[in-house]
Amino acid sequence: FRGRRHCRNTHAREGAYTVITVQNLRKEYGEFEALKGISFDVPKGQIVGFLGPNGAGKSTTMKILTCFMSASEGSVTVDGLDAYSESTAVKAKIGYLPESTPLYSDMIAYEYLEYVAAMRGIAASEHEERIRNVAATCGLKTFIGQEIGTLSKGQRQRVGLAQALIHDPPILILDEPTSGLDPNQIVEIRSLIRSLGKDRTIILSTHNLPEVMETCDRLIVIHQGEIVADGTAQELEEREATNPQVFLTIRGDSVDGDHLHNAIAQLEGVASVRCAPGIEQR
């Protein structure tokens, strides 16, 4: 059994405009419940790290926020717009970098960005200026004339960021932005994200704790479809120090798991109890 004290966000900037609101978000794939009623707000200008192991529900949340898929229950509003009924307007406000960046390896980087600009409805007369701006921002100038298939993983990730920025969105949602990069490339992309966060709201998902510690203003920790912690890195460290987790293994011929769960939950000082995944009740 495992006890955990849940943390909730208490540090949203006072008076800051809430740009993203998620309420009771649920997503089911058949009988599997990927999201179990999560709720959180993101104020304007904040870099938020969505942290959790693979399969925790991070990518599912990102896809719902970007209107790539719909939720089973709950609501999402982006800058006051409903993500379900006003999805086209919401998409215009968001730049999205999915975990598998949608690049065409046989296209030249410049041509690809021109294609994305057209898909975003940007006037042809503005394409060159937009591409020049994102190339400068994302550090593409030295290889923007190369075929994407010849680029390194880090260079392709920069092209992916550029396509997310081509329409100059106020919100960026980045799913595992440093996945598969070498240490030097990770440092470069982290620095770029921090720079982009100076005038944008950013949500990035990762299973890498140093990633969010180095990059983000706030951490939202998700596990098995539930938010289990929410706060700054310092807040979560302080709470963890004063509210440690306790792991308890009980063995016996006739262990009543439900009875033990209830008995432990009623002990003084125990905030919550759950049966750890992968542990058999014996």
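I began with Pro-177, which is buried at a relative accessible area of 1% (buried means under 20% relative accessible area, exposed over 50% and partly exposed in between, with a 1.4 Å probe and protein chains only). The model is a predicted one, in which local features need pLDDT of at least 70 and side-chain atom pairs count only at pLDDT 80 or more, while totals for chains, interfaces and linings use all residues. Residues are numbered from 1 along each chain as its sequence is written, and side-chain values use heavy atoms, with hydrogens and water left out.

I then placed Pro-177 in the loop between strand E8 (171-175) and helix H6 (183-196), where helices (H or I, at least four residues) and strands (E, at least two) are DSSP runs numbered from the N terminus. Not counting residues up to four places away in sequence, I found Pro-177 touching Leu-97, Gln-157, Ile-189, Ile-193, Leu-204 and Ser-205, contact meaning heavy atoms within 4.5 Å.

Next I looked up the pairing of the strands, for which DSSP must find at least two bridges between them. Strand E2 (residues 18-29) is antiparallel to strand E5 (residues 73-78), with five bridges, and Arg-26 has Glu-73 in E5 as its bridge partner. E5 also pairs with strand E6 (residues 81-82), antiparallel over two bridges, where Val-78 is partnered by Leu-81 in E6. In the hairpin of E5 and E6, with two residues between the strands, I noted a positive phi near 55 degrees at Asp-79.

Last, I checked Leu-113, which, leaving aside neighbours within four places in sequence, is in contact with residues including Ile-131, Val-134, Leu-140 and Val-159.
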